[in-house]
Amino acid sequence: MHLVSPEELSGLITARLKQQPTVLVALDGRCGSGKTTLAAQLAERFPQSITLHTDDFYLPPPQRVTGWERIPCANMHLERLRAEAVAPARAGRAVCYKAYSCREGAYLPPRVLGPAPLVIVEGSYSHHPSLAPYYDIKVFVICSAEEQMRRLRAREGKRYLNFVQRWIPLEEEYFTDYAIERNAEMTVVTG
């Protein structure tokens, strides 16, 4: 794994796109590290791309296993993410899925994306071993601990403390259990 700038990552993607018709890039990293922002920057740089957000694939609470709050990835429908989004994108086909909205507590209307030469999959758990074989480039996104906390405070507001106590430990366990950072091909620092 080596450190690259967002510009260098764009160059690597451009080179890959010259070699193959479809390139899948996965951006994983700690909450608040800048995954969504980096995905948006890449999408702007590559207007023919589509972006898939792992947040769209949360499991509705009734479908979660008992004790899911203590099990990394147990709030995610990784099988649906793979079957409805990542596998079709890898095959160069359009992606059609219904995002689950935690805020709405319901599935949203179907989204149809692509096909596209560049598919960006961003979000926590995107490097899960059940998804990793589909990607051409796996990027671990990082920022300083101070910057992460600043971003999380701004983003989460009153939910900040709950977020830090609940989600960060699960995320860290996921990173450790699956050696996510070590298995990424490269790291991008966002702040």
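Student: Hi! Which backbone oxygen lies 2.7 Å from a polar atom of the Arg 64 side chain?
Tutor: That would be the backbone oxygen of Leu 59. Keep in mind that this is a predicted model.

Student: Okay, and where does Arg 64 sit?
Tutor: Arg 64 is in the loop between β3 (49–53) and α3 (78–90).

Student: Is Arg 64 buried or exposed?
Tutor: Arg 64 is buried, yet it has no salt bridge. The nearest side chain of opposite charge is Glu 69, 7.3 Å away. A salt bridge needs a nitrogen-to-oxygen distance within 4 Å.

Student: What else is Arg 64 in contact with, leaving aside neighbours within four places in sequence?
Tutor: Besides Leu 59, Arg 64 is in contact with Tyr 58, Ala 74, Asn 75 and Cys 102.

Student: Switching to salt bridges: how many turn up in the whole structure?
Tutor: A search of the whole structure gives 10. One of them joins the side chains of Arg 111 and Asp 56, at 3.4 Å from N to O. That pair links distant parts of the chain, with Arg 111 in strand β5 and Asp 56 in the loop between β3 and α3, 55 residues apart.

Student: Are those two buried or exposed?
Tutor: Asp 56 counts as buried because its relative accessibility is 14%, while Arg 111 is partly exposed at 32%. The cut-off for buried is under 20%.

Student: Which salt bridges does Glu 156 form?
Tutor: Glu 156 pairs with Arg 155, the closest N and O atoms being 2.9 Å apart, and with Arg 159, where that distance is 3.4 Å. Glu 156 is buried at 11% relative accessibility, whereas Arg 155 is partly exposed at 46%. Arg 159 is also partly exposed, with a relative accessible area of 46%.

Student: And which residues are linked with Arg 16 in a network of salt bridges?
Tutor: Arg 90 and Asp 136.

Student: Now strands. You mentioned β5, so how does it run against β4, parallel or antiparallel?
Tutor: They run antiparallel, joined by six bridges. Lys 98 has Pro 110 in β5 as its bridge partner. The two strands form a hairpin with four residues between them, and Gly 105 in the turn has a positive phi of about 70 degrees.

Student: Why is β4 largely enclosed by the rest of the structure?
Tutor: Because five of its seven residues are buried.

Student: Last one: which strands pair with β8?
Tutor: Strand β1 (residues 2–4) pairs with β8 in the parallel sense over three bridges, with His 2 opposite Met 186. Strand β7 (residues 137–142) also runs parallel to β8, joined by four bridges, and Ile 142 stands opposite Val 189.

Technical notes:
Residues numbered from 1 in each chain as written. Predicted model: local features only at pLDDT ≥ 70, side-chain atom pairs only at ≥ 80, totals over all residues. Heavy atoms only, no water. Buried < 20%, exposed > 50% of the residue type's maximum accessible area, 1.4 Å probe, protein only. Lys, Arg positive; Asp, Glu negative; His and termini not counted. Polar contact = N/O pair within 3.5 Å; in protein donor to acceptor, adjacent residues only side chain to side chain. Contact = heavy atoms within 4.5 Å. Pairing = 2+ DSSP bridges.
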